[in-house]
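Subject: Structure handover

Hello,

Here is the structure I promised to pass on. Please open it first, then read the notes below.

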Amino acid sequence: FMSSLGPDDYLALISFQGERADVLVPLGPANPVRIFEAMGNITPNGGTPIGTTLFQAKELLEQQAQRQAGYGEYTIVLVTDGAASDPDRMAIALETITLETPIVIQTVGFCIGNNHALNDPSRVVYRAADDGAALRAGLAAAVAEASDFTADGFEQLN
C-alpha cells in the first residue's frame, strides 16, 4: 500500500481505541518509515470510537483543503474490525461528512456485516478484509481509485 503512494500524496495516521482518537502522524507528505514506526506502537485496548475518529480526520482534511484552496482529493480510509463504541456520534459524523463535504470515506472492514453503517454504499466505499491479503488489496484499491479521479469539468464552489 505505502509503495503505491506518490510524491504528492499526503497521509496521516490516527489511532482510535478506548475513548480517544489520537493523531500519531500528522497530515503531510506520505512518509512510510514514520507511519510504520507509529503503527508499531499501537496497542489495542478496547473501544472503537469511530465517530470521534471520523470528526478528527474531517478536521485534518478541512485544514489541508484551506491550505490548498480546495484543490485536491480528500479521502478518509478507515480500517476497523468492529462496532463503534460511539454509534450515535458515528451516525452524525457519517451524515455530516457525506452530505456537507467532498470527503470520500472508504472503509476496509474486518468481519463487518452487511447491516453496518460503514458498509452502506450510499455513504461509503466498503471493502471486506478478512485476512492480510484482503487488507492489502483493499488499501491498494483505495489508492488506485483516488488516482483515477480527475477534476476536469468541475468548478470550485465558494
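Leu24, Phe36, Met39 and Ile42 make a nonpolar surface patch of about 340 Å². Nonpolar side chains are joined within 5 Å. Areas come from the Shrake-Rupley method with a 1.4 Å probe.

This is a predicted model: local features need pLDDT of at least 70, side-chain atom pairs need 80 or more, and totals for chains, interfaces and linings use all residues. Numbering starts from 1 along each chain, and side-chain values use heavy atoms, without hydrogens or water.

Met39 sits in helix H1 (residues 32–40). Met39 is partly exposed, at 42% relative accessible area (buried is under 20%, exposed over 50%, partly exposed in between). Helices are DSSP runs of H or I with at least four residues; strands are E runs of at least two.

Now the sheet. It is open, with 3 strands in the order S3-S4-S5 and parallel pairing (a pair needs at least two DSSP bridges). S3 and S5 stand at the edges with a single partner strand each, so one side of each has no neighbour in the sheet.

S3 (residues 75–80) and S4 (residues 104–109) share 6 bridges. Thr75 has Val104 as its bridge partner. S4 and S5 (residues 125–128) share 4 bridges. Thr107 is partnered by Tyr126, and Gly109 by Ala128. In S4, 5 of the 6 residues are buried.

Best wishes

Notes:
Patch = residues over 30% accessible without salt bridge, like charges linked within 9 Å, V, L, I, M, F, W, Y side chains within 5 Å. Salt bridge = Lys/Arg side-chain N within 4 Å of Asp/Glu carboxyl O. Buried < 20%, exposed > 50% of the residue type's maximum accessible area, 1.4 Å probe, protein only.
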